[in-house]
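Hi,

Here is the structure I promised to pass on. Have a look at it first, and then read on for what turned up.

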Amino acid sequence: MAVTQKAQRIPLIAGNWKLNLDHLQSIAFVQKLAWTLQDARLDFRKVEVAVFPPFTDLRSVQSLIAADHFPIVFGAQDISEHDSGAYTGEVSGAFLKALDCSYVLVGHSERRTYHHETNEQVGAKAAAAIRHGVVPIICVGETAEDLEARGASAVPVEQLTVALEQLPDGAGADVVVAYEPVWAIGSGQAATPEQAESVAIQLRAVLADALGPEAADRTRILYGGSVKSGNIASFLREPNVDGALVGGASLVVDEFAKIARFQSHVGV
Ligand code: PEP
């Protein structure tokens with residue numbers, strides 16, 4: 001994939017808070033993050049910064065960002081594949097859109113593991129997001145056992161292929177893909193930038209088959225798994241890696257702000 005195409009994709013630095021920070025803590029966090037990035041003169045035309053709080057924080061985060069015109073966007077950590085009905089505990093795409101969510105994570109490995117989400121369900125959730133104008137971030141990645149048995153790319157390619165098959169009108173769809181090796185999540189052991197690039201190339205080929213070459217070229221592919229301020233630049237140097245999905249390090253304002261400022265790191 002040519003470097004000029006990468007230059008047209010605005011990098012996305014996304015912080016997945018998981019089950020951390022209540023709605024009051026979310027206000028303090030987003031305020032401090034915005035002030036830190038503004039003080040550092042981050043050029044928000046060159047990087048998009050997103051946070052993914054728990055559902056109960058979304059209204060507070062929305063109100064704060066809108067009131068103070070902070071150039072930060074936000075999304076949810078999950079979405080129902082259904083639009084309404086008897087689905088206790090679920091949150092629909094329409095509800096997320098009404099709260100101005102730009103993005104929603106689908107298929108995070110923790111949801112696949114603890115909630116047994118299948119590739120088909122992940123695709124149905126992505127379809128629900130698209131139906132309501134919310135961009136799904138489709139998370140894929142191999143376990144340590146998958147890596148050993150089938151190499152790095154086989155499972156992520158399969159997961160993305162099946163998920164994209166569930167989009168009723170896939171052509172040209174607006175999605176983001178996050179490649180997150182499960183063994184790298186929260187382990188302190190990130191994949192190498194070369195592995196991330198090699199899998200990203202194959203995921204982009206899947207996108208081209210399913211959505212068409214133009215959509216594939218403009219789709220951002222993120223790397224996730226033990227990203228820190230010390231390694232972010234090495235991933236973003238790769239031609240097919242267009243950002244990062246950050247877990248643990250997204251809960252520390254100064255560290256997350258440093259990750260968002262990866263373009264100011266030497267050599268990027
Ligand atoms: C994640 O949960 O998506 C993640 C990448 O976590 P961490 O950055 O902590 O490895």
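To get you started: is Asp 100 buried, partly exposed or exposed? It is partly exposed, with a relative accessible area of 45%. The scale is: buried is under 20% relative accessible area, exposed is over 50%, and partly exposed is in between, with a 1.4 Å probe and protein chains only.

Before the rest, some housekeeping. This is a predicted model, in which local features need pLDDT of at least 70 and side-chain atom pairs count only at pLDDT 80 or more, while totals for chains, interfaces and linings use all residues. Residues are numbered from 1 along each chain as its sequence is written, and side-chain values use heavy atoms, with hydrogens and water left out.

**Two residues with positive phi**

Back to Asp 100: you'll find it in the loop between α4 and β4. Its phi is near 70°, a positive value in a residue other than glycine. (Helices, H or I and at least four residues, and strands, E and at least two, are DSSP runs numbered from the N terminus.) Ser 226 also has a positive phi without being glycine, this time near 60°. It sits in the loop between β7 and α11 (232-236) and counts as buried, at 11% relative accessibility.

**The ligand**

Ser 226 turns up again here. The ligand is surrounded by 14 residues, and the closest are Lys 18, Glu 180, Gly 186, Ser 226 and Gly 247; to be near, a residue needs a heavy atom within 4 Å of the molecule. By class, this shell has eight polar, four nonpolar and two charged residues.

His 108 places a polar side-chain atom 2.9 Å from an oxygen atom of the ligand. Gly 247 has a backbone N or O atom 2.8 Å from a ligand oxygen, and a polar backbone atom of Gly 248 is 2.8 Å from an oxygen atom of the ligand. Taken alone, the ligand exposes 290 Å², and the protein buries 96% of that; these areas come from the Shrake-Rupley method with a 1.4 Å probe, and for residues only the protein chains shown count as cover.

**The strands**

Strand β8 (residues 243-246) is covered on both faces: Gly 243 and Leu 245 on one side and Ala 244 and Val 246 on the other are all buried. It pairs in the parallel sense with β1 (residues 12-16) over four bridges and with β7 (residues 220-224), also parallel, over two bridges. Two strands pair if DSSP finds at least two bridges between them. Leu 245 is a handy landmark in β8: it is the bridge partner of Ala 14 and stands opposite Gly 224.

In β1, five of its five residues are buried. Leu 12, Ala 14 and Asn 16 point one way, and Ile 13 and Gly 15 the other way. β1 also runs parallel to β2, joined by five bridges, with Ala 14 opposite Ala 50.

**Aromatic rings**

There are four aromatic pairs. Rings of Phe, Tyr and Trp (its six-membered ring) pair if their centres lie within 6.5 Å; planes under 30 degrees apart count as stacked, over 60 as edge-to-face and the rest as tilted. Phe 52 and Tyr 103 have ring centres 6.5 Å apart and planes at 45°, so this pair is tilted. Phe 52 lies in strand β2 (residues 48-52) and Tyr 103 in strand β4 (residues 103-106), so the pair ties together parts that are 51 residues apart in sequence. Phe 52 is buried at 0% relative accessibility, and Tyr 103 is buried at 5%. Elsewhere, Tyr 179, Tyr 223 and Phe 235 form one aromatic cluster.

**Two glutamines**

Gln 77, in the loop between β3 (73-76) and α4 (93-98), has a side chain that reaches the backbone oxygen of Lys 18 at 2.9 Å and that of Phe 52 at 2.9 Å. Gln 62 lies in helix α3 (residues 58-68) and is buried, with a relative accessible area of 8%. Its side chain makes a polar contact of 2.5 Å with the side chain of Arg 59.

Cheers

How values were computed:
Polar contact = N/O pair within 3.5 Å; in protein donor to acceptor, adjacent residues only side chain to side chain. Nonpolar A, V, L, I, M, F, W, Y, C, P; charged D, E, K, R; others polar.
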